[in-house]
Amino acid sequence: MKKTIFILLVLFFACNIQAQEDSIKDALRKQGERIVDKYISIINFQREKTDSIMYVESYIVARNHPKDTMKIYRWYMQPRFMRMEIWQDGKIEDGFYTDNVSIFRRFHSGQRAWMDLAQDNFYNYVLSMDIRGALYEWRSKGAEITYAGEYNLDGHQVDRVYVICPGFFDRHYFFEKESGMLFMLTEERHTYTDGKINPNAVVVDWRAWNEFTPYHGFFLPTIESYQAEGEVVVIHHKYKYIPKQGNIFTDDYIKRI
């Protein structure tokens, strides 16, 4: 009888400890999600105009090769129309566009031609190129978020959030405590899914959002930078609204803006 009671007590305390651990994990998850959702509400991409196209020009310059500038042109229109083109040395090197219904196309640099992609493959490719960032629509992307505690960065206390998300390396995101704005991330050398890493994939040491600018009711990143494989790269973004043009999201080539 005593042995039975002892076993029951052990099981009781084990279950109680597990319940406490689950409660702590749940609290950290909720706190992390609150921080991310606050940032998303500040950025406020939901206020993007529905009667125009958001056009973005990005200039990417490596500090060690300042003359070797890459340009990214992006077009967004509600609800989920998008086009992205990467240009270097005066010619397109990669590109994607979709009407989010039946057209999902990618530019093949080797054959210098546009080709069809499966819808899932299309969105896997463009995930990292979305100007709105990986945290935008994080729930539909299947991300899991947890608060990783306060972090002392150059004498300032900031909030650190750990995020694992299919299609991305696991990351720590850093947010200003006062404003709630995201300002930096670091990447881990493993992934959410099976832990396998493409040997050609580049893991950044850090990525920083150096400047946000208010624009038509929401905030947009205007200067970013990152370090990868020992090289620092700076990205400048410019934005403007342009009239609707359906062929941007349905045709292989359009006139350059």
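Helix 2 (residues 119–126) contributes four residues to the lining of the second largest pocket, the most of any element. Helices (H or I, at least four residues) and strands (E, at least two) are DSSP runs numbered from the N terminus. The model is predicted: local features need pLDDT of at least 70 and side-chain atom pairs count only at pLDDT 80 or more, whereas totals for chains, interfaces and linings use all residues. Residues are numbered from 1 along each chain as its sequence is written, and side-chain values use heavy atoms, leaving out hydrogens and water.

The second largest pocket holds about 320 Å³ of space. Among its 14 lining residues, Arg80, Tyr123, Leu127, Ser140 and Lys141 are the closest to its centre. A pocket is an open set of points on a 1 Å grid over the protein atoms alone, where a 1.4 Å probe fits, with protein on both sides within 12 Å along at least five of seven lines; lining residues have an atom within 4 Å of a point. The volume is the space filled by probe spheres set on the points, which are joined across faces, edges and corners. By class, six lining residues are nonpolar, two polar and six charged.

The chain has two helices and 13 strands.

| Core | Residues in core | Members include |
|---|---|---|
| Largest nonpolar core | 50 residues | Tyr39, Met54, Phe175 |
| Second, separate core | 14 residues | Tyr73, Tyr97, Ile242, Ile248 |

A nonpolar core joins buried Ala, Val, Leu, Ile, Met, Phe, Trp, Tyr and Cys residues through side-chain atoms within 4.5 Å; buried means under 20% relative accessible area (1.4 Å probe, protein chains only). Of the 257 residues of the chain, 42% count as buried.

Key
Nonpolar A, V, L, I, M, F, W, Y, C, P; charged D, E, K, R; others polar.
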